[in-house]
Amino acid sequence: RATWLLYELGFANALLVSSVVWLVLVPAIRRAGDALALSQILGWFSTTTHVANLGFMVFELLVNRLPFRAAHYPFVLYFGAAYTVFAAWLYERTHVWFYFFLDYNLPALRAVLNYAALLVALTAFFVLGTWISNSTKRAEGRVATLRSDPAAKRTVRATQKVERKRA
């Protein structure tokens with residue numbers, strides 16, 4: 001189950017990171033006129049990292065048998081909250097915000113709106129992943145079920161056998 005959750009988190013976060021880079025950071029750096037920062041964020045390594053990550057997650061979404069589950073959504077929020085706490089901790093240690101919109105020293109309303117926008121975006125990307133995953137897998141009949149997947153049956157039987165031995 002941990003791998004399943006990490007896959008769902010990875011997809012939503014890959015979309016969030018790519019969106020933030022291309023829709024928030026690049027325009028902000030251009031407006032600031034910081035040529036060095038712009039060349040770094042548009043450089044081969046940074047671009048490849050963000051594009052490849054998103055590409056791999058979309059590929060995984062389309063070819064695997066794991067459907068997104070709405071019951072896993074709270075873990076997306078837990079991860080977002082944990083990252084926010086980590087970013088604040090890192091700021092306290094380094095006095096550098098790696099993402100200007102996470103700065104809680106901004107005017108209160110703006111800071112709250114920035115954090116809310118991130119949660120809304122993360123939620124929207126999880127919902128998008130749920131919709132794509134479940135619709136494509138249902139359409140292709142690829143959702144793993146105990147009735148249709150011999151490997152799933154074997155896994156359940158093995159788990160039950162181990163549990164019986166423990167009892």
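Residues are numbered from 1 along each chain as its sequence is written. Because the model is predicted, local features need pLDDT of at least 70 and side-chain atom pairs count only at pLDDT 80 or more, while totals for chains, interfaces and linings use all residues; side-chain values use heavy atoms, with hydrogens and water left out.

The chain has 6 helices and 0 strands, so the pattern along the sequence reads α-α-α-α-α-α (helices are DSSP runs of H or I with at least four residues, strands are runs of E with at least two, and both are numbered from the N terminus). Of the 167 residues in the chain, 32% are buried (buried means under 20% relative accessible area, exposed over 50%, and partly exposed in between, using a 1.4 Å probe and protein chains only). Contacts reach well along the sequence: among those between residues at least 6 apart, 68% join residues at least 24 apart (contact means heavy atoms within 4.5 Å).

Helix α3 spans residues 44-63, which is 20 residues. From its first C-alpha to its last it reaches 27 Å, close to the 28 Å expected at 1.5 Å a residue (the expected span is 1.5 Å times one less than the number of residues). Buried in α3 are S46, H50, M57 and L61. These residues sit on the same side of α3 because they cover an arc of only 40° around the axis (the arc is that of the directions from the helix axis to the C-beta atoms). On the other side of α3, the exposed residues are W44, F45, F56 and F59.

What does α3 pack against? Its axis and that of α1 come within 9 Å and cross at roughly 145° (axes are lines fitted to C-alpha atoms, for helices over the stretch in contact, and angles run from 0 to 180 degrees between N-to-C directions). The crossing of α1 and α3 is left-handed (left-handed if the near helix is turned anticlockwise from the far one by less than a right angle, right-handed if clockwise). On the α1 side the contact is made by Y7, G10, F11, A14, L15, V17, S18, V21 and W22. The α3 side brings T47, H50, N53, L54, M57, V58, E60 and L61.

H50 of α3 is worth a look on its own. Its relative accessible area is 18%, so H50 counts as buried. Neighbours within four places in sequence aside, H50 is in contact with V17, S18 and V21. L42 belongs to the loop between α2 (35-41) and α3. At a relative accessible area of 34%, L42 is partly exposed. Not counting residues up to four places away in sequence, L42 touches W22, V26, R30 and T47. L42 and V21 are 21 residues apart in sequence and 9.6 Å apart in space, C-alpha to C-alpha.

Helix α1 (residues 2-32) also meets helix α4 (residues 73-94), where the two axes come within 10 Å and cross at roughly 60°. That angle makes α1 oblique to α4 (angles under 35 degrees count as roughly parallel, over 145 as roughly antiparallel, 65 to 115 as roughly perpendicular and the rest as oblique). This crossing of α1 and α4 is right-handed. L5, L9 and N13 in α1 meet F75, V76 and F79 in α4.

As for α4 itself, its 22 residues reach 32 Å from first C-alpha to last, close to the 32 Å expected at 1.5 Å a residue. V76, G80, A87, L90 and Y91 are the buried residues of α4. Seen down the axis, they fall within an arc of 100°, so they line one face of α4. The face turned away from that buried side carries the exposed residues Y78, V85 and R93. Just after α4, H95 takes a positive phi of about 60°.

L122 is buried at 3% relative accessibility. Beyond its neighbours within four places in sequence, L122 is in contact with A12, N13, L16, V76 and G80. L122 and L77 are 45 residues apart in sequence, yet 8.1 Å apart in space, C-alpha to C-alpha. With neighbours within four places in sequence set aside, T130 is in contact with F68 and S135.
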